[in-house]
Amino acid sequence: MYTVPLVLLFGIFLAGYMLGWMMATLRQRSNLGPKSGEVSPESLATLATSIARTSTSRSIRLKCTCGALWNFRSPNDCTNPDQPALPDGDSYTCPKCHRSIDLRPMREMLQNMK
């Protein structure tokens, strides 16, 4: 049976930590370009278009008093086509117990998030 002294184990951990820190620093420096103060207009335009294309997804979960749950997506959200859109109108009828659920608070919340 082999045993490793605690000091040697700590030294191996410390060496790995330092090596990881140096590699991360080198990677960070290589991504910045020749000078950290220089930014090309092309890179800014690429960044701006990628930010503009980023879409947000809003999932709405409705819970009835009978305990049934339904997941809907926001009416303007097209990122998750598997979920149905929030129904039109001010209320939603539970298919399980046939109770009416008021959707006006959900619509107000969606309007405030825009």
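**A nonpolar core and its aromatic rings**

Me: Which residues have the most contacts inside the largest nonpolar core?
Reply: This is a predicted model, in which local features need pLDDT of at least 70, side-chain atom pairs count only at pLDDT 80 or more, and totals for chains, interfaces and linings use all residues. Residues are numbered from 1 along each chain as its sequence is written, and side-chain values use heavy atoms, with hydrogens and water left out. A nonpolar core is a set of buried Ala, Val, Leu, Ile, Met, Phe, Trp, Tyr and Cys residues joined through side-chain atoms within 4.5 Å, where buried means under 20% relative accessible area, exposed over 50% and partly exposed in between (1.4 Å probe, protein chains only). The largest such core has 13 residues, and those with the most contacts inside it are Ile60, Leu62, Trp70, Phe72, Leu86, Tyr92 and Ile101.

Me: Which elements each supply at least two residues of this core?
Reply: Helices (H or I, at least four residues) and strands (E, at least two) are DSSP runs, numbered from the N terminus. In soluble globular proteins, nonpolar side chains tend to be buried together. Here, at least two core residues come from each of strand 1 (59–63), strand 2 (69–73) and helix 3 (104–113).

Me: In what order do the elements of the protein run from the N terminus on?
Reply: The protein has 3 helices and 4 strands. From the N terminus on, their order is α-α-β-β-β-β-α.

Me: How many aromatic pairs are there?
Reply: Rings of Phe, Tyr and Trp (its six-membered ring) pair if their centres lie within 6.5 Å; planes under 30 degrees apart count as stacked, over 60 as edge-to-face and the rest as tilted. By this rule, the count of aromatic pairs is 2.

Me: Why is the pair of tryptophan 70 and tyrosine 92 edge-to-face?
Reply: The ring centres of tryptophan 70 and tyrosine 92 are 5.7 Å apart. Their planes stand at 70°, so the pair is edge-to-face.

Me: How many residues apart in sequence are the parts that tryptophan 70 and tyrosine 92 tie together?
Reply: Tryptophan 70 lies in strand 2, whereas tyrosine 92 lies in strand 3. Both residues are buried. The pair therefore ties together parts whose separation in sequence is 22 residues.

Me: Phenylalanine 72 and tyrosine 92 form which kind of ring pair?
Reply: Phenylalanine 72 is buried, and so is tyrosine 92. Their ring centres are 5.3 Å apart and their planes are at 80°, so the pair is edge-to-face.

Me: Which residues do the ring pairs link into a cluster?
Reply: Phenylalanine 72 lies in strand 2 and tyrosine 92 in strand 3, so their pair ties together parts that are 20 residues apart in sequence. The cluster linked by ring pairs consists of Trp70, Phe72 and Tyr92.

Me: How many disulfides are counted?
Reply: A disulfide is a pair of cysteine sulfur atoms within 2.5 Å. The sulfur of cysteine 66 is 3.7 Å from the closest cysteine sulfur, in cysteine 97, which is too far for a bond. By this rule, the number of disulfides is 0.

Me: Where does histidine 98 lie?
Reply: Most residues other than glycine have a negative phi. Phi of histidine 98 is near 65°, a positive value. Histidine 98 is exposed, with a relative accessible area of 62%, and lies in the loop between strand 3 and strand 4 (100–102).
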